[in-house]
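User: Good morning. Could you please take me through this structure step by step?

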Amino acid sequence: MKKTLLSMIFASAFSIGAIAGNAEVFNLDEQEINTEFAQLNELEQFVTENEGITLSEISAENPLLANVSNSSDILGVLSTLGEPPFGVPSMLWGFCFGIAGVALVYFVADDRDETKKAFIGCAISAGLYIVFWVVYVLVLGNAFWFVG
Amino acid sequence: MLPNFLIGQHYFRMQAEFTIKEKFTDGKMALTMGTVYYDRTYKKLVYDISFPEKETWLIVDTMFYKIVDKKIVSKMAIPMLPNSTIYEFALMNNLDNFGLENSFYTLDKVEKDGELVIASWMPDKKMQKALGKILVSKKNNKLFGIAFYTPANELIKKQFFKEYIRSSGVAFPAETTELLYKKSGKETRVTTYKNLVVNNIKNDALYNFTAPGIR
């Protein structure tokens, strides 16, 4: 109950934001982003100046590496290139991509409920597939009887 | 209005040096640098990564492969095809609508607000319970921003395309900024591109990258 109430409050807050005007959503605080990425900008410059250097070749004590992960969020990077993997409901993942979709939700969302939804989508998809073939065979079978 | 191939403007491949800067919701950051290659004929998207470590990312069909020293070290299915990316849209001179006109989204309305022309795209009725609207804004007739919403009208992601560069008639954003709103907080990703080359007929092996186990 508490969870439902919270999500309703959350959803209405977002709706109010959306009503405020479509142009506002396209405001970007470049100053904030520049500040956020100041350390990475310095690291980029360091890497450019030391051509061919890799992360493992830089001393771990170098302050430029503070809080820097050694791997990129590949799915996140791919989501910038085309239609987004995020935002698509978990059930649809399972429905459209079967077990691979379930696995993707399992690893990306790391959420038991979301994985369950993906699994339900996968099961619905498999069920529909079986129903389709059963109906197809029955109809085709009857057609053969009719012709015979 | 003649098709591109009839007027001799057939753009089939592109490459560019890129830098991706990411800040995750837990405060950690990542820097990835390298060169990206995309060829419309091979339908392969190849990321030749030089930093943080030397490796190759290959996207072919709906598979993603991570390759180190010509060996596949990991692979996974992804919900994206190389020909539904900004590289394909740019080569097709179709970046303005982010390829939405060829998807299950339809144009709902268009409004002008200052310098921006904002188009609202709605998913097919059957998909509206699962997917929300997408807003696409253009500035000076070029794609400027995209905002993605849930069916409950919650903003989940917005992306900006800036500082267009040109090579052989193809315009491509030199910088893209993405803000992703997750349950755990905001994630930011800035990608910059430079040294864009279109229709380079050399280095075919880079565009048609392969490794044992990949067809």
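Predicted model: local features only at pLDDT ≥ 70, side-chain atom pairs only at ≥ 80, totals over all residues.

User: How much area do chain B and chain A bury between them?

Analyst: They bury about 5400 Å², and 67% of it is on carbon and sulfur atoms. Buried area is the accessible area (1.4 Å probe) that two parts lose on being put together, summed over both. Within chain B, Met29(B), Phe51(B) and Pro79(B) lose the most area to chain A, together 13% of what that side buries.

User: And how many residues does the contact take from each chain?

Analyst: Chain B gives 72 residues and chain A gives 59 residues, where contact means heavy atoms within 4.5 Å.

User: How many salt bridges are there across the interface?

Analyst: The rule finds 3 salt bridges between chain B and chain A; a salt bridge is a side-chain nitrogen of Lys or Arg within 4 Å of a carboxyl oxygen of Asp or Glu. One of them joins Lys186(B) to Glu32(A), with the closest N and O atoms 2.9 Å apart. On the side of chain B that touches chain A, E11(B) gives the most, with 7 residues. That side divides into 41 nonpolar, 13 polar and 18 charged residues. Here Ala, Val, Leu, Ile, Met, Phe, Trp, Tyr, Cys and Pro count as nonpolar, Asp, Glu, Lys and Arg as charged, and the others, Gly among them, as polar.

User: Changing topic, how many helices and strands does chain A have?

Analyst: Chain A has 6 helices and 0 strands. Helices (H or I, at least four residues) and strands (E, at least two) are DSSP runs, numbered from the N terminus. Of the 148 residues in chain A, 34% are buried; buried means under 20% relative accessible area, exposed over 50%, and partly exposed in between (1.4 Å probe, protein chains only).

User: Back to chain B. Which strands does E11(B) pair with?

Analyst: Strand E11 (residues 155–167) of chain B pairs with strand E10 (residues 142–149) of chain B in the antiparallel sense over 5 bridges. E11(B) is also joined by 10 bridges to strand E12 (residues 170–182) of chain B, again antiparallel. Two strands pair if DSSP finds at least two bridges between them.

User: Which residues stand opposite each other there?

Analyst: Gly145(B) stands opposite Phe160(B) in E11(B), and Lys162(B) stands opposite Glu175(B) in E12(B).

User: What about the hairpins, which residues take a positive phi?

Analyst: In the hairpin of E10(B) and E11(B), with 5 residues between the strands, Asn153(B) has a positive phi near 65 degrees. In the hairpin of E11(B) and E12(B), with 2 residues between the strands, Ser168(B) has a positive phi near 45 degrees.

User: Is Ser120(B) buried or exposed?

Analyst: Ser120(B), in strand E8 (residues 116–123) of chain B, counts as buried because its relative accessible area is 5%. Not counting residues up to four places away in sequence, Ser120(B) touches several residues, including Thr106(B), Lys133(B) and Leu135(B).

User: Where does Lys142(B) lie?

Analyst: Lys142(B) lies in strand E10 of chain B and is partly exposed, at 32% relative accessibility.

Technical notes
Residues numbered from 1 in each chain as written. Chains lettered and ligands numbered in written order. Heavy atoms only, no water.
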